[in-house]
Amino acid sequence: MPSAILYDATLCIDCKQCEQACATQNKNPYDDSIGKEQRTSDHKFTYVHDTFGNEKFMRKLCMNCLDPTCVSVCPVGALVKHKEGPVSYNADACMGCRYCMVACPFGVPKYEWTKTIPRVRKCIMCPDRVLAGKQTACAEACPTGATLFGDRDALIAEARKRIAAEPGKYVPTIYGLNEVGGTSVLILSSVPVEKFGYPPAAKYGEKPLPPLTADVLEHVPQVVTVGWAVLGGIWWITNRREIVKESEKP
Amino acid sequence: MKLPKITFWRVVFAAVLALGAWSAYLRFFRGLGASTNLSDQFPWGIWIGFDALCGIMLTAGGFTLMGAVHVFNIKEWRAIARPALVTAFLGYLLEAFALMFDLGKPWNIWHPLIMWNPHSVMFLVGWCVMLYLGIMALEFAPVVFERFRLEKPLRILKIVSTPVVITGVVVAVVHQSALGSLYLIVPGKLHPLWYTPLLPLLFFVSALAAGLAMTVFESTASARHFNHALAKPLLLSIGRVLLITLVVYAILRIHDLFHTGSYRYALQLGYEANMFWVEMALTIALPIGLLLIPKIRNNPFSLYIVSIITVLGFVVNRLNVAVTGMEAASGVRYVPKWSEVSVTMMMVAFGIFWFAVAVKYLPIFTHEHERPAAAPELVKAA
């Protein structure tokens, strides 16, 4: 079953337990000063946005899209979408072209710019845990239930129930339900997510991005065969003319 | 031993190489962070925008001329097909070399051979580079074999030459348009003045124009430098085809701006609009305006000047796509670090150097029937 993460920003208390658990899970360093870093980076895959004031918080992490742009653009298939939800990364396959970073609509993948053998770094939704039937490290660590892990459909139903129960409290949409074709991270918030730097829902629409290039690439075999046939035909004509001209010489 | 004479350009060349070597040290021993101004917000800089996009664009004369001469049988362009092929071959070799700097893990560059993802434009680009390099090696081999009078391999290559040239044209066309397709996936990031579903077609047509202009430029430049004359009718007919190609490009580009409604952004003065107008002036207004004047079109020297303008224009176009158009959405202003510029300058210097070496020692501007009866000793030729 495809699983997902539901983050309800109204329940978040900015305790940063998710950040800590994420760092441990991904063998990243973590201390007070890293805790204060208000951005995702090569050593911090999730953070709680707390600069907005008014006790309004927002988590940032990889959306683990249902049809991920990064997976479609990777020339060597180093990024993989698992049917269970996670979008994982194989550093051994990666050649470091960074097309995933250019293409990601959420600006998620980060790079180890200071290393001589660099990797792409991002939240990969704990595939080792999720594929073993466990929940993600951040969901497990969350003391308030702001970050929930579970079946995607069940989480959507839960989110809808919450919006219906307290209509004035939430922005009445689930961010990630349909954005770029839907994501494995769903966000409920009392403040529009774009205020925290997420692309507004209208920016990319509800269609996944990969067909933008995949549909063009489908024409390549045609272009190659038609191109070959046309050029071959032209060569045959011009060559034939030469032969005729030669034979007509006295 | 005679020491090489110290001239201005040799000093420049040595300085570029020395700086390039220092930058290479920074890149491979200190990483991309120490050698570039790239960041998580701006992961592609001039090593992609100039070295890859412009580099490959400027090789387009190679497949255009090889196709025109060997498929369309346009005999009067024959003399210029080899210089164009050498440019293309060198351009691709240098691009492969430049990629070693840009890729985070260049030793994995061969991975697309065994790890397939046909949904990725980058996968297609990787394959095109590798295939076309192999094809150009076959197209270029006769030049070397002629030089050393190796008749048997020459005969074998002659048999396969037509399918090789046709495959080369097809692969190169796919590659040129694929470089535009790379940016189809960033509708929310590339500025609307450059983002259009037509990117693959625009990249292909503009590569034709830039490639022809580059061929006129380098042939004239090397003819001036090496004191050999170029047939005037040849240059003038290329000038006419360049004009037609530019007009086709202008129609596509301008129609597309109105079709997508992006022309509105051109009127909002600012960084992007300014760069857009510079590009439009150099790729469309100036070269077409000048070439429409018969006096300019029919004079080899003014044609040479127009070809330089055209090349510059399309370099601006590619940099606009790769850099200018991507800055606003990234939230940062990207200015290349000195070491990025120095690596790029080193690639250009290598290009000029190896082109000059090839012209000097190989039958590039000459032909089979014009070559000397016996292969001269290499030492003597030097």
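**Helices of chain B**

Guide: Let's start with H1(B), where B:Val16, B:Gly20, B:Ser23, B:Ala24, B:Leu26 and B:Arg27 are buried. This is a predicted model, where local features need pLDDT of at least 70, side-chain atom pairs count only at pLDDT 80 or more, and totals for chains, interfaces and linings use all residues. Residues are numbered from 1 along each chain as its sequence is written, chains are lettered from A and ligands numbered from 1 in the order in which they are written, and side-chain values use heavy atoms, leaving out hydrogens and water.

Visitor: What makes a residue of H1(B) count as buried?

Guide: Buried means under 20% relative accessible area, with exposed over 50% and partly exposed in between (1.4 Å probe, protein chains only). The cover over the buried residues of H1(B) includes helices H2 (32-35), H3 (46-57), H5 (78-102) and H14 (338-361) of chain B, where contact means heavy atoms within 4.5 Å.

Visitor: Why is H6(B) called largely enclosed?

Guide: Because 19 of its 27 residues are buried, H6(B) is largely enclosed by the rest of the structure.

Visitor: Where does H6(B) bend?

Guide: At B:Phe140, by about 30 degrees, with the proline B:Pro142 following within four residues. That bend is the angle between axes fitted to the seven residues ending there and the seven starting there.

Visitor: How are H4(B) and H8(B) oriented to each other, and why?

Guide: Their packing angle is about 85 degrees, with the axes 7 Å apart. Angles of 65 to 115 count as roughly perpendicular (under 35 is roughly parallel, over 145 roughly antiparallel, the rest oblique), so H4(B) and H8(B) are roughly perpendicular.

Conventions: Helices (H or I, at least four residues) and strands (E, at least two) are DSSP runs, numbered from the N terminus. Axes are lines fitted to C-alpha atoms, for helices over the stretch in contact, and angles run from 0 to 180 degrees between N-to-C directions.
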